Amino acid sequence: MAIVLHSSPLLWTRLAALIFSCVAFSVAVHGGRLFHGTGDWCIFCWAFSFAGSLLVLLVELFGLQTRAPVSWKNFPITFACYAALLCLSASIIFPLYYLKGSSGPNEVRDFRIVSTVFSCLATIAYMTEVSISKARPGEVAGYMATAPGLLKVCETFVACIIFVFVSDPVLYDRHAALQYCMSVYCICFILSAAIILLCIGECTGCLPFPFARFLSAYALLAVVLYLSATIIWPIFNFNPRNGGSKNRPYNCNTMVGLCVWDKLMAVSVLTAVNFILYLADLIYSTRLVFVSA
């Protein structure tokens with residue numbers, strides 16, 4: 001089996017991301033003394049990114065792209081985008097839980113600082129890989145390398161963060177309107193994830209309808225659903241008439257991590273963020289339909 005090694009900015013960027021993510025989780029495991037569940041999440045983000053980068057490099061090193069059971073036009077950039085978002089989340093969460101107000105030994109704090117720095121470097125490396133790999137105007141590329149494809153990745157990632165916030169404790173069981181918002185998050189997440197899987201598996205041609213028109217129709221539906229959720233979620237969580245509170249409780253200042261009110265606010269903000277992402281997705285998907293036509 002021949003080894004194929006072509007020096008390029010993309011190769012060096014992937015190698016940098018591989019090294020940075022490896023150092024981040026290795027240092028954290030070795031001397032970070034992680035005691036909270038968020039530490040496990042950060043380790044997962046770095047380890048998953050490292051494993052995926054190693055897989056991509058090995059496949060390209062041995063020239064196995066044509067033998068891979070996935071579309072190699074779509075898989076590497078999809079993974080890189082997810083890895084960038086995962087490392088970004090770890091770069092924000094890790095210092096908030098393990099550096100802010102830390103009073104442990106200086107050696108442990110040094111390990112945590114090193115992990116945070118290399119997590120930020122890994123984030124930059126993965127973002128650079130996405131920037132290098134994304135489709136240029138007039139270039140023939142996979143759907144996931146285009147703006148709508150990358151937006152799908154961001155939409156599903158934001159939805160996953162929303163699921164984390166609303167599930168511990170359960171924040172959507174007080175009112176039917178909040179359950180409606182939860183159904184919006186689930187429906188849009190499932191459809192976006194299905195589109196990503198169809199593209200990675202090169203199954204879009206098996207659909208009984210034009211894929212481009214389906215994308216445009218789904219984006220319009222998602223915009224309408226998320227617009228309603230963006231309005232409904234704050235009304236039924238922060239309006240005193242519906243049992244909510246506009247002001248942040250005082251006990252939130254003494255809690256480790258986020259209190260319930262903070263999580264409700266975070267879901268409101270993330271819902272608005274996903275609405276904007278789906279709106280941009282709709283604009284790009286509509287242009288895609290007209291260009292195809």
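**View 1. What the largest pocket is made of.** Sorted by class, the lining of the largest pocket holds 31 nonpolar, six polar and three charged residues (nonpolar means Ala, Val, Leu, Ile, Met, Phe, Trp, Tyr, Cys and Pro; charged means Asp, Glu, Lys and Arg; the others, Gly among them, are polar). The model is predicted, so to speak with care: local features need pLDDT of at least 70 and side-chain atom pairs 80 or more, while totals for chains, interfaces and linings use all residues. Numbering runs from 1 along each chain as its sequence is written, and side-chain values use heavy atoms, leaving out hydrogens and water.

**View 2. Around the pocket centre.** Of the 40 lining residues, Trp41, Ser89, Ile93, Ile161 and Phe165 sit nearest the centre of the largest pocket. A pocket here is an open set of points on a 1 Å grid over the protein atoms alone, where a 1.4 Å probe fits, with protein on both sides within 12 Å along at least five of seven lines; lining residues have an atom within 4 Å of a point.

**View 3. Helices behind the lining.** α3 (75-98) gives the largest share of the lining, 12 residues. Helices are DSSP runs (H or I, at least four residues), numbered from the N terminus.

**View 4. α2 against α3.** These two helices pack at about 155°, axes 9 Å apart, and are therefore roughly antiparallel (the word covers angles over 145 degrees). Axes are lines fitted to C-alpha atoms over the stretch in contact, and angles run from 0 to 180 degrees between N-to-C directions.

Key: Parallel < 35°, antiparallel > 145°, perpendicular 65-115°, else oblique.
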